[in-house]
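Q: Please take a close look at a single part of this predicted model and describe it in one connected account.

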Amino acid sequence: MDTTTPNPPVALVIHGGAGVIERDRLGADDEREIRAGLDAALDAGQAVLVRGGSALDAVEAAVRALEDSPRFNAGHGAVYDAEGRHELDASVMEGHTRRAGAVAGVTTIRNPVSLARAVMEHSPHVMLIGAGAEAFADTRDDIAREPNAYFDTPHRRAELEQAQARERADADAAENLKGKYFGTVGAVALDAQGHIATATSTGGMTNKRWGRVGDTPLVGAGTWADGRCGVSGTGWGEFFIRCAVAHDIAARVAYRGDSLQAAAEAVILDAVPGLGGDGGAIALDRDGNIAMVFNTSGMYRGWVRPDGSRGTAIFGEA
């Protein structure tokens with residue numbers, strides 16, 4: 001009789017943003033690079049999980065990989081604000097402890113997800129913003145810094161110029177934000193101890209002004225983790241804040257007993273568009289069930305299921 005104990009299930013799900021991603025405008029080379037970036041993030045997170053590492057370490061590793069890629073709106077690929085600079089936001093949350101950390105409006109942090117974790121672990125606070133977050137980073141030798149120009153990429157510069165040209169041609173363009181973003185990056189992991197963690201990171205919206213902050217660093221809006229499930233959102237942040245998207249999905253699981261998929265669909269396909277917003281979310285529960293729901297034309301995403309199967313997708317193919 002085989003008396004070996006099976007390895008506890010581990011799982012990982014990631015996203016690289018949801019938005020107006022048109023199949024006929026996504027070139028083969030672009031798609032190849034995007035999928036390669038998603039695979040690199042899956043590799044980073046899965047490597048942590050298979051060696052028995054924590055869900056928190058796994059989501060940080062996965063999101064750092066996405067932040068380091070120029071293909072996603074976070075870290076090195078972040079969009080430009082109206083002044084032609086980059087302001088970055090991130091958050092992390094550990095489900096079984098409900099610890100959380102977040103930063104908003106940082107400008108020199110190579111990997112904002114790591115600074116968010118440092119806020120959680122090495123300060124008495126949950127969120128730090130702007131100059132204060134930068135000053136806190138000054139106290140941490142483990143937080144890599146870069147000049148703001150490090151985050152520059154030609155395609156994001158072109159997006160800024162196009163957005164500002166639209167504004168000059170149409171005074172209402174500044175208010176009509178639907179589809180004018182490619183979201184965020186995020187990860188949710190389940191480790192061998194049965195613990196769940198979530199991390200989310202973004203450069204925000206192209207051409208944003210006045211220190212605008214979306215849902216990404218707001219615990220309960222763009223990020224949530226508890227003992228049952230974790231959620232990371234991507235989309236029009238103002239509506240994700242108003243709908244408390246990440247927490248609402250988790251609450252439907254906790255309080256009503258909804259399946260993870262049903263909960264995510266109710267919020268992303270009904271509540272958010274019901275107010276006029278759009279976007280998507282990834283979620284993972286303690287049984288290893290994965291949900292990846294979006295109401296936009298596409299969402300960059302990838303997954304590793306408890307049986308070890310994995311994949312990536314952009315449109316509605318998975």
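A: Gly280 has Phe294, a residue of β10, as its bridge partner, and strand β9 (residues 279-285) is joined to β10 by five bridges, with the two running antiparallel. The model is predicted, so local features need pLDDT of at least 70 and side-chain atom pairs count only at pLDDT 80 or more, whereas totals for chains, interfaces and linings use all residues. Residues are numbered from 1 along each chain as its sequence is written, and side-chain values use heavy atoms, leaving out hydrogens and water.

Both strands belong to an open, antiparallel sheet of four, ordered β7-β8-β9-β10, in which strands (DSSP runs of E, at least two residues; helices are H or I, at least four; both numbered from the N terminus) pair if DSSP finds at least two bridges between them. At its edges lie β7 (223-225) and β10 (290-294), each of which pairs on one side only, and from one strand to the next the twist averages 10°.

Helix α7 (residues 245-256) packs on this sheet, touching β7, β8 (229-235) and β9 (contact means heavy atoms within 4.5 Å), and its direction makes about 30° with that of β7; axes are lines fitted to C-alpha atoms, for helices over the stretch in contact, and angles run from 0 to 180 degrees between N-to-C directions. Helix α8 (residues 260-275), in turn, lies across β8, β9 and β10, and runs at about 15° to β10.
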